[in-house]
Amino acid sequence: MTAELDALARGFRERTAREDERFRLATDSEFWFVLCFKSREEKDAFLRAGRLFHLGDKYLDGRAAASALGVDLPEPDTGKED
């Protein structure tokens, strides 16, 4: 019975650690930025001029936008060794 409770507690601790890491990654402000305009018309004009409208009009995938703009990005550091 003690071994089962220990295993259960270990599972909860591991799950909590995974959730903490997921939350950190999801809320890390180093992965995104915001552009603001004074009107929807300005925002739409910017997206059209940048040929980005096909990616969306609010939340754009940064890698897709970089590709559309011809920007080479470094490979992401996943923190894992190959």
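Where does Arg51 lie? Arg51 lies in the loop between helix 2 and helix 3, and the legends below place this residue alongside other parts of the predicted model. Local features need pLDDT of at least 70 and side-chain atom pairs count only at pLDDT 80 or more, while totals for chains, interfaces and linings use all residues of this predicted model. Residues are numbered from 1 along each chain as its sequence is written, and side-chain values use heavy atoms, with hydrogens and water left out.

**View 1. The overall fold follows the pattern α-α-α along the sequence.** The protein has 3 helices and 0 strands, where helices (H or I, at least four residues) and strands (E, at least two) are DSSP runs numbered from the N terminus. The radius of gyration of the protein is 21 Å, whereas a compact globule of 82 residues would have a value near 12 Å; the radius is taken over C-alpha atoms, and the globule rule is 2.2 Å times the number of residues to the power 0.38. Along the principal axes, the C-alpha atoms fill a box of roughly 65 × 35 × 20 Å. Of the 82 residues, 10% count as buried, a class defined as under 20% relative accessible area, with exposed meaning over 50% and partly exposed in between (1.4 Å probe, protein chains only).

**View 2. Arg10 is placed in helix 1 (residues 2-27).** With a relative accessible area of 42%, Arg10 is partly exposed. Arg24 is 14 residues apart from Arg10 along the chain, and the C-alpha atoms of the two are separated by 21 Å.

**View 3. Arg51 has a positive phi although it is not a glycine.** The phi of Arg51 is about 55°, and this residue of the loop between helix 2 and helix 3 is exposed, with a relative accessible area of 66%.

**View 4. The largest pocket holds about 1000 Å³ of space.** Of the 23 residues that line the largest pocket, the closest to its centre are Phe33, Val34, Lys58, Tyr59 and Leu60. Helix 2 (40-49) and helix 3 (62-69) are the elements that give two or more residues to this lining, and helix 3 supplies the largest share, 5 residues. On a 1 Å grid over the protein atoms alone, a pocket is an open set of points where a 1.4 Å probe fits, with protein on both sides within 12 Å along at least five of seven lines, and lining residues have an atom within 4 Å of a point.

Definitions and conventions
Points joined across faces, edges and corners; volume = space filled by probe spheres on them.
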